[in-house]
Amino acid sequence: PCRSVLTVACEQTEVLLFDPISSKHIKTLSEAHEDCVNNIRFLDNRLFATCSDDTTIALWDLRKLNTKVCTLHGHTSWVKNIEYDTNTRLLVTSGFDGNVIIWDTNRCTEDGCPHKKFFHTRFLMRMRLTPDCSKMLISTSSGYLLILHDLDLNKSLEVGSYPILRARRTTVSSSDITSPGSSGPRTIGSPCPQNDSGPPSEKHMSRPSQREGGSPRNSLEVLTPEVPGERDRGNCITSLQLHPKGWATLLRCSSNRDDQEWTCVYEFQEGAPVRPVSPRCSLRLTHCIEEANVGRGYIKELCFSPDGRMISSPHGFGIRLLGFDAHCSELVDCLPKEASPLKEIRSLYSHKDVVLTTKFSPTHCQIASGCLSGRVSLYQPKF
C-alpha cells in the first residue's frame, strides 16, 4: 500500500520482491510454496499473504522474510484469490474447491489459524470484495456472476438460508450452491472448464424474513452478465476486478469457442431497498472491447488505475491502456445509454511472450506488467 515494494507471484514456487522506483531486485523467496504461487495480497504496509496451487495460504512479514509468519490449511484444491476485509480484519480466500474461507489472522498460532467455510459454489473462478467490503462478487467458469449484498462475514450460511434476489437472465438452484461444509464438484485440470451443467433453476430455496428497511444480510443475486456477440454461447469469467470507488466491476470473459475474449465494464445500479421477491439486476453493461486471445488457456489479469479513470489490460505481448472516452473521463461523467466501446489510449509492448498480468502503482504514475516467460516490465510517462 505504501508503494515501496512490488511483489511478483511466479508459476513455480517463487515470490520475487522489487523496489519499483529503482527497479532493483530486493529478494527472492525461492520456496515460498510447494507449487505455483497464484496471488499476493498486502494486509498493511508490512504483512502480506500468498496463496498457491499447493492448497495453502502463507503469511509473510517484510521485516523478516527468512521464514513465514504461519501457513494456513483449509482448502482442498488450488487457492486462487485473497481478499482482506478492512472492517472486520478478516482474511478471505477462495479456490477451485469452490469454497470461500474466512480466517482470523489476529488469532494465528504455531498450530494454525481459526477459520470457517463461508460459502460454496460450483466452478468458482474469482472472488472479490468491493472497496467498502459491503458486497462479495464471485465469478464462475460456467458464466455466472454471484453477488452477496450487505455482506456479513460473521454470519454462518447454510443450504436454503440465502435470501434470493431474482436475477435478470438466470436464477439459482440448491445444486449449484451448497453448504459451507459440503464437498461439491470441483474444477480440475483446465482453468477454464466448459459449461455442461445447463441453466439452473430456482427451487427449494427458502427466503428468510427481510430486515426492516432493506434487504436481508448476505442476500444472493445471480447474474449471467451480458457479453457482446456471445448471447448463444457460454462464457468463462476468468478475471474479476472492482472499480476503486466501488462504481463498477471489470470482467475478462472467454467464450467456450476459445477464439474470443472480451473486457467488459458493468455499472452498479443501486436503488431503493429491494425486497427478495422483487425483480433485481444490480449490474448494467456500459463499456466493452474485444481482446486478442493470445495464449489460450492462460488467465489474463487486468486492473483499474487508482483513480478509476483507466484500465490496463494484457493484450498479446503487451498491454493496452483503455479509457471510457478519449479524455480519460470519470465513469460517472460518460455513462452511455447503450454499451459503448472502450477507447484505446495507448499500447505498450516490451515483452517477448504473452502478458498475463498488469498492475498500476497505488501512488505513482507507474505500471507493471508480467509475461509468461517471467519478465517484469515497469512503465512510467515522460514529463
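With a relative accessibility of 12%, glutamine 241 counts as buried, because buried here means a relative accessible area under 20%. This description, like those that follow, rests on a predicted model.

Glutamine 241 lies in strand 17, which covers residues 235-242. When its neighbours within four places in sequence are set aside, glutamine 241 is in contact with Arg128, Thr249, Leu250, Glu301, Leu302 and Cys303.

## The sheet around strand 17

Strands of a sheet pair through backbone hydrogen bonds, and they do so in either a parallel or an antiparallel way. In this model, five strands form an open sheet with mixed pairing, and their order is 17-18-19-20-24. The edges of this sheet are strand 17 and strand 24 (340-341), each of which pairs on one side only.

How many bridges join strand 17 and strand 18? The pairing of strand 17 with strand 18 (residues 248-255) is antiparallel and runs over seven bridges. Within this part of the sheet, asparagine 235 stands opposite serine 255, a residue of strand 18.

## Two residues with positive phi

Most residues other than glycine have a negative phi, and against that background two residues of this model deserve a careful look. Cysteine 133 is not a glycine, yet its phi is positive, at about 60°. Cysteine 133 sits in the loop between strand 12 (124-129) and strand 13 (136-140).

Aspartate 150, also a residue other than glycine, has a positive phi near 50°. Its place is in the loop that lies between strand 14 (145-149) and strand 15 (164-165).

## Cysteines and disulfides

A disulfide is a covalent bond between the sulfur atoms of two cysteines. For the count in this model, the two sulfur atoms must lie within 2.5 Å, and by this rule the number of disulfides is zero. Cysteine 264 illustrates the point, since the nearest cysteine sulfur belongs to cysteine 253 and is 5.0 Å away, and cysteine 264 is in no disulfide.

Cysteine 264 has a relative accessible area of 0%, so this residue is buried. Cysteine 371 is likewise buried, because its relative accessible area is 8%.

Definitions and conventions: Residues numbered from 1 in each chain as written. Predicted model: local features only at pLDDT ≥ 70, side-chain atom pairs only at ≥ 80, totals over all residues. Heavy atoms only, no water. Helix = DSSP H or I, 4+ residues; strand = E, 2+ residues; numbered from the N terminus. Buried < 20%, exposed > 50% of the residue type's maximum accessible area, 1.4 Å probe, protein only. Contact = heavy atoms within 4.5 Å. Pairing = 2+ DSSP bridges.
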